[in-house]
Amino acid sequence: MKPILTALFIVICTALASAQGEPPSVVSSVKHATEGHVWGALIFATNDATQLTGAKEPMHAELPKLNERLAKVFPFKHFEVLGQHRQDIFREYESWVVPSRDLFMKIDSKGPADNGGVNLHLQVWREQQVLVKSDAVLRKDSPLFIGGPPWKDGRLIFVLFLERK
Amino acid sequence: MKPPSEEHDLIRWIDGEMNETERTTFEERLKQDPVLAKEARQMRELSSSLRAHLPAEMRVPHADYFNTQIEVRITQMALDEARAKQAAPGWGAMFQWLRQPWFALAGTAALAVLGFFLLNPATGDASESMILSSYTPNTHVQARTYHDSAADATVLMLDGLDAVPAERKVSGINIQRSEVEPELASTTMFDSHGTPVLMISRDALGNPMITPRG
C-alpha cells in the first residue's frame, strides 16, 4: 500500500508543478540592458538636533561634503540620511528608487544624453500622490537635490546621484 | 449630417464658450431648426450626465497635456479665422498670412525656444545635470529649478507642499538591488544581505503600491 501512496504523491506533485506553468521572468541588471546606476537618498534637514531620528545611514563616499553642499541650498544645520537605494536604470522598464515608503521616485530612461549622462523622466511620489513630473539630464558628479515637503521643523530632501553610466 | 462648423458651434454653445452675440444668434437658429434643437437638447443632457458622474477634478494625463491642448486651441483658432475670412473678405486679406496656422505654430515654437534659453541658465555647462521641464499636478505647488554653483548641484525646489504630520514616523530603507518581474509588473527590492525588503507594483489606477506597508 505504501509504495502506491508514494507513487500517487509524486504524480500529484508533478501535475501541480506543471499546472503552474513557467515561472515569471525576472529582470535584473545582470540579464537586462541598463542606462546607468543611480544612488537615491531621503535626507532629513533640520536646525534642531534633538529632532534627528538617529538613523545611521552613511553618506555616499563619492559625494564629498554632501552636508556642506546641502547647507548651501537648504537653510539647515543638520542633515541626516534616513534611507538610501542603489538602483539600475533599466532601458526598457521603469525603475523605482525607494529610500523610504514615504517619498520615492520612478525613473524612466529616455536614452543616453549628449556629452554624457542620461536623459530621464522622473516622477517623485508621496505615497499615492505624484508631487512632480520632470524631464531631466542626470550627469555624473552633478547630483540633483529635490526639496520635498516640510516635516517637523525641518524638511525632507531627495538626492539623486548618477553613480556610473 | 451636420456640417463641421455647426457641430463646432453646438459644442461651444453647450460648453458656454460663446459670447453674448454668438449665443443669441445660435439660439435663434435653434428656434428655427427643430432637428438642430433636438440634437442640442440630447447633447446637453449627455453633457450634464457626464458632468454629474465624472469627478470635478481630474489628473492631467501626461506631462505634455498642456502642449497638446495648446495645439488643439491653435487649430480651433485657425478654423475660426478661416470662417471669418470667408464671411468678410476685404482689406484684412492683405495681412491674412499673419493668421495662418503655420505662423501661429512657428510663433509658439519660437517663444518656447526663447523661454527655454532664458529660463534655463544651466544649458551653458554640459557637465551639469539639468532639469528640462517640470510639472506639478497640484496647482498649489510651485517647482523652481536652478543650478547652485556653490553646492555644485542642480536643484528642483518644490514649494507649497503639504507638510508631513510631525507625529508621523518617517523611516528610511536601505536597498542595494532590485529585480523586475515584467509579467507581474512588479519590482522586488533587496537589502545588502540579499533579503527581500519590499515589493512595488501598480494598483488598478496605475498608482504605486508598496508591500508590505510600513
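Select β7(A) and β3(B): the two strands run parallel and are joined by 4 bridges. This is a predicted model. Within this pair, pick A:G147; the residue opposite, in β3(B), is B:M157.

**The whole sheet.** Which order do the strands take across the open sheet? Reading across, it goes β2(B)-β3(B)-β7(A)-β8(A)-β1(A)-β2(A)-β4(B), 7 strands with mixed pairing. Both edges belong to chain B: β2, residues 142-148, and β4, residues 174-175, each of which pairs on one side only.

Move to strand β2 of chain A, residues 78-90. This strand and β4(B) pair in the parallel sense, over 2 bridges. To find the place, select A:Q84, whose bridge partner in β4(B) is B:N174.

**The helix across the sheet.** Now select residues 66-73 of chain A, which form helix α2. Which strands does this helix lie across? From chain A they are β1 (34-46), β2, β7 (144-151) and β8 (154-164); from chain B they are β2 and β3 (153-159).

**Chain B as a whole.** Hide chain A and look along chain B. There are 5 helices and 8 strands in chain B, and the sequence pattern is α-α-α-α-α-β-β-β-β-β-β-β-β. Of its 214 residues, 12% count as buried. Among contacts in chain B with a separation of 6 or more, 26% are between residues 24 or more positions apart.

**A helix of chain B.** Finish at residues 20-32 of chain B, helix α2. How far does this helix reach from its first C-alpha to its last? The span is 19 Å for 13 residues, close to the 18 Å expected at 1.5 Å a residue. α2(B) is hardly covered, and the count of buried residues in it is 0.

Conventions. Residues numbered from 1 in each chain as written. Chains lettered and ligands numbered in written order. Predicted model: local features only at pLDDT ≥ 70, side-chain atom pairs only at ≥ 80, totals over all residues. Pairing = 2+ DSSP bridges. Contact = placed C-beta atoms within 7 Å. Axes fitted to C-alpha atoms, helices over the stretch in contact; angles between N-to-C directions. Expected span 1.5 Å × (residues − 1). Buried ≥ 20, exposed ≤ 12 C-beta atoms within 10 Å, placed from the backbone.
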